[in-house]
Amino acid sequence: MSENKRIANTRLREGERIDELQRNGYVIIQDPKRFCFGMDAVLLSGFAHVKAGERVLDLGTGTGIIPILLEAKTDGSHFTGLEIQPESADMARRSVGLNHLESKIEIVTGDVKGASSYFGASSFHVITTNPPYMIGNHGLQNAQDAKTIARHEVLCTLDDILRESARMLLPKGRFYMVHRPFRLSEIFCKMTGYGIEPKRMKLVHPYADREPNMVLIEGLRGGKPRMTVEKPLIVYQEPGKYTDEILQLYGY
């Protein structure tokens, strides 16, 4: 069966769709009513460094976009995605199967707060995460809604992510996160508090003359204090037109 016919014959649940990822012919199953991946996940997959043979864990993987993109872009040996919402984890597993990546990517249903008990201490070279950005109850309507869980610290906090990452990373293992600049002071304080030293940072601006709305961060477990601030990333040249760097990251 051809790939196009295989994809066309894939049985989807109500509301689901299949989107192309512009990498290796890979696709992903998504449900717009729940949550679809955004540019932040794509940028994180381009910012993270994964070396040949390394094991990678993505915390709060959603529908598995980051493990799938990292498998396409890097020579890592194995990728694991941890997701607490069963419906999202199920979509992620079906996307892994649709791309014939079962030997490279595993999706685990579980809680970030207990991640180290599932996988054990010092078990990964690299951990990535695109966590909920919002704290408190601002804009919170339904705490069990899939989109709310993805955006608000309802089921896990920054402390949960950093604590468990520090336990699961190998010594000198690398931690990669995309977040919002308004929480940078808190992020740096908590990273160092959990023994993950901030080593690299890149701010992302929607336009050259606008304030940044995302930040990409690399940390090193047990690293020494010294951080590199990279050249900012500009998303749009003008409305509706991406910059060349963004196009390269997307794979066009």
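Trainee: Which residues does valine 204 touch, not counting residues up to four places away in sequence?

Mentor: With those sequence neighbours set aside, valine 204 touches Leu43, Pro212, Asn213, Met214, Leu216, Leu233 and Val235, where contact means heavy atoms within 4.5 Å. Keep in mind that this is a predicted model, in which local features need pLDDT of at least 70 and side-chain atom pairs count only at pLDDT 80 or more, while totals for chains, interfaces and linings use all residues. Residues are numbered from 1 along each chain as its sequence is written, and side-chain values use heavy atoms, with hydrogens and water left out.

Trainee: OK, and which residues have the most contacts inside the largest nonpolar core?

Mentor: Val204 is one of them, together with Leu21, Leu43, Ile65, Leu70, Ile105 and Leu216, in a core of 35 residues. At least two residues of this core come from each of α2 (39-47), α3 (65-73), α4 (86-98), β5 (105-109), β7 and β9. A nonpolar core here is a set of buried Ala, Val, Leu, Ile, Met, Phe, Trp, Tyr and Cys residues joined through side-chain atoms within 4.5 Å, and buried means under 20% relative accessible area, with exposed over 50% and partly exposed in between (1.4 Å probe, protein chains only). Apart from this core lies another, of 24 residues, including Leu82, Phe175, Met177 and Met201.

Trainee: You mentioned α3, so how many of its residues are buried?

Mentor: In α3, 8 of the 9 residues are buried, so the helix is largely enclosed by the rest of the structure. The buried ones are Ile65, Ile66, Pro67, Ile68, Leu69, Leu70, Glu71 and Ala72. Helices (H or I, at least four residues) and strands (E, at least two) are DSSP runs, numbered from the N terminus.

Trainee: What about serine 95, buried or exposed?

Mentor: Serine 95, which sits in helix α4, counts as buried because its relative accessible area is 0%. Leaving out residues up to four places away in sequence, serine 95 touches Val27, Ile28, Ile29, Thr63 and Ile68.

Trainee: Switching to α8, which of its residues are buried?

Mentor: In helix α8 (residues 184-193) they are Leu184, Ile187 and Met191. These residues lie on the same side of α8 because they cover an arc of only 60 degrees around the axis, the arc being that of the directions from the helix axis to the C-beta atoms. They pack against α7 (158-168), β7 (169-179), β8 and β9 (214-221).

Trainee: And what does the face of α8 turned away from its buried side carry?

Mentor: That face carries the exposed residues Ser185, Cys189 and Gly193. After α8 comes glycine 195, which has a positive phi, near 80 degrees.

Trainee: Which residue does aspartate 159 form a salt bridge with?

Mentor: The partner of aspartate 159 is lysine 190, and their closest N and O atoms are 2.7 Å apart. Because aspartate 159 lies in helix α7 and lysine 190 in helix α8, the pair ties together parts that are 31 residues apart in sequence. Both count as partly exposed, aspartate 159 at 23% relative accessibility and lysine 190 at 24%. A salt bridge is a side-chain nitrogen of Lys or Arg within 4 Å of a carboxyl oxygen of Asp or Glu, and a search of the whole structure finds 18 of them.

Trainee: Where do arginine 94 and aspartate 90 stand in helix α4?

Mentor: They are 4 residues apart in that helix, which separates arginine 94 and aspartate 90 by about one helical turn, and their side chains meet in a salt bridge at 3.0 Å, N to O. Another salt bridge joins glutamate 164 and arginine 163, also listed at 3.0 Å. Salt bridges that share partners join Arg13, Glu16, Asp90 and Arg94 into one network.
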